[in-house]
Amino acid sequence: MRIEQIYTGCLAHAAYYLEDQGEAAIFDPLREVGPYINRAKKDKAQIKYVFETHFHADFVSGHLDLQKQTGAEIVFGPLALPGYKAILAKDGQEFKVGRYTVRVIHTPGHTLESTTYLLIDQNGEMHGIITGDTLFIGDVGRPDLAQHVVADLTEEKLAALLFDSLRNKIMTLPDHLIVYPNHGAGSACGKMMSKETTDTLGNQKKVNYALRADMTKEEFIDELLTGLTTPPGYFPQNVLMNLKGYDSLENVMQRADRPLGPEAFEAAANETGALMLDVRNPEEFAKGFIPNSINIGLNGNFAQWVGELIPSVKQEILLITEPGKEREAITRLSRVGYDGVIGYLLGGFQYWKNSGREVDTIGRINAKTFENMMITNGIELFDVRKRSEFNSQHVLEATNIPLNELNQHLASFPKDKPLVLHCAGGYRSMIAASMLKQRGWENITDVQGGFAAIKETTVPCTDYVCPTTLL
């Protein structure tokens, strides 16, 4: 018997592979199912079940493609009503994977259908729990997502259900059980997740704020709902895709695999409403890019920021990538439901530049130059980090407009003054700069190294306040 965590860092996502005596099960798979199928082939195992803990909001699951390609049965817990064939298991129902038993424990709270799967070995000993978004390491799932799909499921109602699920279903289990959550630090599905991706249930009872034994339901609801940020706009759209069904990844890849030379790329941009998305590193983008394109680099939290900043998963997209990175970009877009890629620039930006077509740039300065600029003044400084980062410490004269709120606060950016932008290290500020450029702002400068570099200068900053103290 083996249970393996398959972790994808850019989404802070964990899927699980369970195998015993030639039978396998996959829990909460990502959309590209090849790695799971190949893993089972390596063990000469047949994938028997695809277990889903809930209808995911932050990614499109691979359950439908796994069912199609392997014949595996999809399993949800109680109260799930998918628009496709699946087993709706009852609370306490058991499934066999080889000699292993998977027991369904209905744990509503994060969503109404949220389910935990208890793993029991061949000797009848409990081994671990695959908790989905019900219980994380250091946190529990946020209860405010379902109301964006079903208005009656308020965050207060679900928080109360989650309290009961944790106290009556999870905390009564043995302390030695290993907790296998669906996400780690960096996911927007919680607010205080640990960088660790597994732990024992006993230790979580000691260190997880939401599992305090002396906590009342009212205290739990208050602490859980305090400090929640607005969820990314694509979350409800992903839920509906996972609930109703979606196109196969194979079809998505075939539609997107359309290399376009500079002339054809320009024509496609002019003739459609496609967004030109440049996924190169911020450093390369700043040196030269296609006018009206925006930059969200593959080497950062790519999927998260695509979902935060592109309102509709149905948006048509034209890609600019480093040569050879096209398929990776299309795949990572599809993970969060953005299936509208209609082509990519053949040969990358260099081919565009070599064709003699118009090129735009964004100025970048180092922290020392920024220090000198602050002395002479006359600039408008914008910090696009999260509010919690800004409140922890910031440049005294900075205005904070978090990147995910930029579209709602465009009027705050003057067009008649030089703008200087920074984030923590330079990734988010280049996204912001490219978005402002696309909307008509011209005099924009980005600070290389962001606030981390600025702190090493004499630029006046507020005293540091620990984010934990703030919370």
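Biologist: Which glycine lies in the turn of the hairpin that β7 and β8 form, and what is its phi?
Modeller: This is a predicted model, in which local features need pLDDT of at least 70, side-chain atom pairs count only at pLDDT 80 or more, and totals for chains, interfaces and linings use all residues. Residues are numbered from 1 along each chain as its sequence is written, and side-chain values use heavy atoms, with hydrogens and water left out. Strands are DSSP runs of E with at least two residues, helices are runs of H or I with at least four, and both are numbered from the N terminus. Two residues separate β7 and β8, and the one in the turn with a positive phi is glycine 98, at about 60°.

Biologist: In which sense do β7 and β8 pair, and over how many bridges?
Modeller: Two strands count as paired if DSSP finds at least two bridges between them. One place to look is lysine 96, which stands opposite threonine 101 in β8. Strand β7 (residues 94–97) pairs with β8 in the antiparallel sense, over four bridges.

Biologist: What is the bridge partner of threonine 101 in β9?
Modeller: β8 also runs antiparallel to strand β9 (residues 115–120), joined to it by six bridges. Within β9, threonine 101 is partnered by isoleucine 120.

Biologist: Why is β8 described as largely enclosed?
Modeller: Buried means under 20% relative accessible area, exposed over 50%, and partly exposed in between (1.4 Å probe, protein chains only). Strand β8 (residues 100–106) is largely enclosed by the rest of the structure because its buried residues number six of the seven.

Biologist: Which residue in β11 does glycine 132 stand opposite?
Modeller: Let's reach it through β10, which pairs with β9 in the antiparallel sense over four bridges. With strand β11 (residues 178–181), β10 pairs in the parallel sense, also over four bridges. There, glycine 132 faces proline 181.

Biologist: Is alanine 14 buried or exposed?
Modeller: Alanine 14 belongs to strand β2 (residues 13–20). Its contacts (heavy atoms within 4.5 Å) include Tyr7, Asp28 and Pro181, leaving aside residues up to four places away in sequence. Because its relative accessibility is 1%, alanine 14 counts as buried.

Biologist: Which residue meets glutamate 32 in a salt bridge?
Modeller: A salt bridge here is a side-chain nitrogen of Lys or Arg within 4 Å of a carboxyl oxygen of Asp or Glu, and the whole structure has 29 of them. The partner of glutamate 32 comes within 2.4 Å, N to O: arginine 335.

Biologist: How many residues apart in sequence are arginine 335 and glutamate 32?
Modeller: Both residues are buried. Arginine 335 is in helix α11 (residues 326–335), while glutamate 32 is in the loop between β3 (23–27) and α1 (34–42), so the pair ties together parts whose separation in sequence is 303 residues.

Biologist: Which residue meets aspartate 360 in a salt bridge?
Modeller: The partner sits in helix α15, 77 residues from aspartate 360, which lies in the loop between α12 (349–354) and β18 (363–365). At 3.3 Å, N to O, the salt bridge joins aspartate 360 to lysine 437.
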